[in-house]
Amino acid sequence: MIETVTRKVDPKDEQQTINIMSLFCWNLASSQEINSAESHLERRNDTIYSVTTRENYVKLVFQRNTNRKNYSRIVELEKQYHHALNLMPILPQWQMILSIMLGFFTLPICAIPGIMLFLHYRKKYRKKYTKWQEMFSNTSNKIIYELKTIV
């Protein structure tokens, strides 16, 4: 039996996505770049504006044979890989914006604490990111090594 999955990716991430999916025995079935624009009118108070929304992504369709040898282990390793990837820390936007606002849009006396707060949040994020990067590198290397032995 053949299973199919579709991924929408940024055009610059197309080849990387194909490479990662192929590690887990997915074969690229099709690739289509979507570049669209949609315009509509919006009313804001007494004024009507023309608003255009643009989309640009690549739609990748992958297929994989579910009857292949070690299929269940490949699926399990793929889940582990994506779980580790999803643990990547996210830059706390609200904290950064708050510290910038405190530093630059208030009285000059608040600028120094705002800048210090900004630097504190950035340092904290970088520390978490570095720790995640090391963990992800170790995890992905183990997964890739095992995949190479079972595929």
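N70 sits in the loop that joins β3 to α2 (71–86). This is a predicted model. The phi of N70 is positive, about 65°, although N70 is not a glycine. How exposed is N70? At 30% relative accessibility, N70 is partly exposed, because that class runs between the 20% and 50% cut-offs.

N45 also belongs to a loop, the one between β2 (27–44) and β3 (47–65). N45 is not a glycine either, yet its phi is positive, about 60°. With a relative accessible area of 74%, N45 is exposed, because exposed means over 50%.

The table sets the two residues side by side.

| Residue | Phi | Loop | Relative accessible area |
|---|---|---|---|
| N45 | about 60° | β2 to β3 | 74% |
| N70 | about 65° | β3 to α2 | 30% |

The largest pocket has a volume of about 220 Å³. Which elements give two or more residues to its lining? They are β1 (2–9), α1 (14–23) and α2. α1 gives the most, with four residues.

The lining consists of R7, V9, D13, Q16, T17, I20, M21, Y81, H82 and L85. By class, five of these residues are nonpolar, three are polar and two are charged. R7 and D13 both line the pocket, and both count as charged because Asp and Arg belong to that class.

Technical notes: Residues numbered from 1 in each chain as written. Predicted model: local features only at pLDDT ≥ 70, side-chain atom pairs only at ≥ 80, totals over all residues. Heavy atoms only, no water. Buried < 20%, exposed > 50% of the residue type's maximum accessible area, 1.4 Å probe, protein only. 1 Å grid on protein atoms, 1.4 Å probe; cavity = no way out; pocket = protein on both sides within 12 Å on 5 of 7 lines; lining within 4 Å. Points joined across faces, edges and corners; volume = space filled by probe spheres on them.
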